[in-house]
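Reader: I have a chain on my screen and a list of things to ask. Can we go through it step by step?

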Amino acid sequence: MKYRFMRFPEGKAKALTVSYDDGSRYDRTLVEILNRYGIKGTFNLNSGTFAKQPGEWHMTAGEAGELFLTAGHEIAVHGYKHVAPGQVSAIDGIREVLDGRLGLEQAYGRIIRGMAYPDSGIQSLNGGATANEIKAYLKSLGIVYARTAGGRTNRDDNPSFEMPLDWYEWVPTCHHENPKLMEYLKEFKEKDIDKVYCARRFPHLFYLWGHSFEFDNKKNWNVMEEFCKAAADSEDIWFATNIEIYDYTQAYRSLQFSVDNTIAYNPSLYTIWFDIDGTRFSIKPGETKKLA
Ligand SMILES: [Zn+2]
């Protein structure tokens, strides 16, 4: 019996990402902190609420693009005008996502495939579209993943560190206001995945989310500073945007293996890393490799 698990680039067993919403001017301070520690994130923007001129609560499209994209962060959809998909009909939700995605792609001249649900997300609270309806139309609209909101308290957080089973219901580890934030990070960092039981050596992901204006409201920027400082102090973590994690995972899933796991072929454009029964392998784009 052979157990095979994905490993992130350079053979790392852990990845960390952050996801912040709404594109307020406070994202500048947040990005300055992230950049200083080499942490990558995804910023979820409403293309229908960009500021018309600099200096407003929201950034202009130009300000946001320069801030996020030059440092390698991801810009993702957050609806057109921040309408909660679970509280409107499917057709209104479709228009929100379509207009949101179209606006971002036109503003930045690139393909945008990620999303974070605005407001109450896929919870249907008011007779709106159901979670299944929303997930189905997102796929048709070219969205490949969507993050939920939760984990502000300890009730709906997700400290399993597992990769998402459903990319359209990507549940973060926790919100930055979660009182267990640093406890979870410590557990994540200290876990030696190569030493856990052989069937459970899955890759681990820490996923933090929030809004940068919350730091300004509560004057607690130190929370993010301390989190990033502690997270960055670790050589076995891959710091990546949401879409980088998604794309790498899809590339891993595209690998082809012989029945006995002794031959692998990589049809993707990524160098992919994996672990078979405790041995680390990497395989280059287009390579066929003997594993034994
Ligand atoms: Zn939002």
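Author: Start with a term. Two residues are in contact if their C-beta atoms, placed from the backbone, lie within 7 Å. Keep in mind that this is a predicted model.

Reader: How many residues of domain 2 are in contact with domain 1?

Author: The chain is divided into domain 1 (12–253) and domain 2 (257–292). Their C-alpha centres lie 30 Å apart. Six residues of domain 1 take part in the contacts, and on the domain 2 side the number is seven.

Reader: By class, what does domain 1 have on the side that touches domain 2?

Author: Six residues of domain 1 are in contact with domain 2. No polar residues are found on that side of domain 1; by class it has two charged and four nonpolar residues.

Reader: What radius of gyration does the chain have, and why does it agree with a compact globule?

Author: The C-alpha trace spans about 60 × 40 × 35 Å along its principal axes. A compact globule with 292 residues would have a radius of gyration near 19 Å. The value for the chain agrees with this, because it is 19 Å.

Reader: What share of the contacts in the chain with a separation of 6 or more comes from residues 24 or more positions apart?

Author: First, the elements: the chain has eight helices and 14 strands. Buried residues make up 42% of its 292 residues. Among contacts with a separation of 6 or more, residues 24 or more positions apart account for 69%.

Reader: Is strand S2 largely enclosed or largely open, and how many of its residues are buried?

Author: S2 covers residues 14–21. Lys14, Leu16, Val18 and Tyr20 point one way, Ala15, Thr17, Ser19 and Asp21 point the other way, and all are buried. S2 is therefore largely enclosed by the rest of the structure, and its buried count is eight of eight.

Reader: Which residue of strand S8 is the bridge partner of Tyr20?

Author: S2 and S8 pair in the parallel sense. Seven bridges hold this pairing. Tyr20 has its bridge partner in S8, and that residue is Gly210.

Reader: And in S3, which residue is the bridge partner of Val18?

Author: S2 also runs parallel to strand S3 (residues 41–45), with four bridges joining them. Strand S9 (residues 237–239) is parallel to S2 too, through three bridges, and there Phe239 stands opposite Leu16. Back in S3, the bridge partner of Val18 is Gly41.

Reader: What arc do the buried residues of helix H2 fall within?

Author: The buried residues of H2 (residues 61–69) are Ala61, Glu63, Ala64, Leu67 and Phe68. They line one face of the helix, because seen down the axis they fall within an arc of 160°.

Reader: Now helix H5. Which exposed residues are on the face turned away from its buried side?

Author: In H5 (residues 181–190) the buried residues are Leu181, Tyr184 and Leu185. They fall within an arc of 100° down the axis, so they line one face. Those buried residues pack against strand S7 (174–175), strand S8 (204–210) and helix H7 (221–232). The face turned away carries Glu183, Lys186 and Glu190.

Reader: Last one. Is Glu169 buried or partly exposed?

Author: Glu169 sits in the loop between strand S6 (145–147) and S7. Leaving aside neighbours within four places in sequence, it is in contact with Ile122 and Thr148. Glu169 and Ile122 are 47 residues apart along the chain, yet their C-alpha atoms are separated by 8.3 Å. Buried needs 20 or more C-beta neighbours within 10 Å; Glu169 has 17, so it counts as partly exposed.

Definitions and conventions:
Residues are numbered from 1 along each chain as its sequence is written. This is a predicted model: local features need pLDDT of at least 70, side-chain atom pairs count only at pLDDT 80 or more; totals for chains, interfaces and linings use all residues. Helices (H or I, at least four residues) and strands (E, at least two) are DSSP runs, numbered from the N terminus. The radius of gyration is taken over C-alpha atoms; the globule rule is 2.2 Å times the number of residues to the power 0.38. A residue is buried if 20 or more other C-beta atoms lie within 10 Å of its own, exposed if 12 or fewer, and partly exposed in between; C-beta atoms are placed from the backbone. The arc is that of the directions from the helix axis to the C-beta atoms. Domain bounds come from an automatic or database domain assignment. Ala, Val, Leu, Ile, Met, Phe, Trp, Tyr, Cys and Pro count as nonpolar, Asp, Glu, Lys and Arg as charged, and the others, Gly among them, as polar. Two strands pair if DSSP finds at least two bridges between them.
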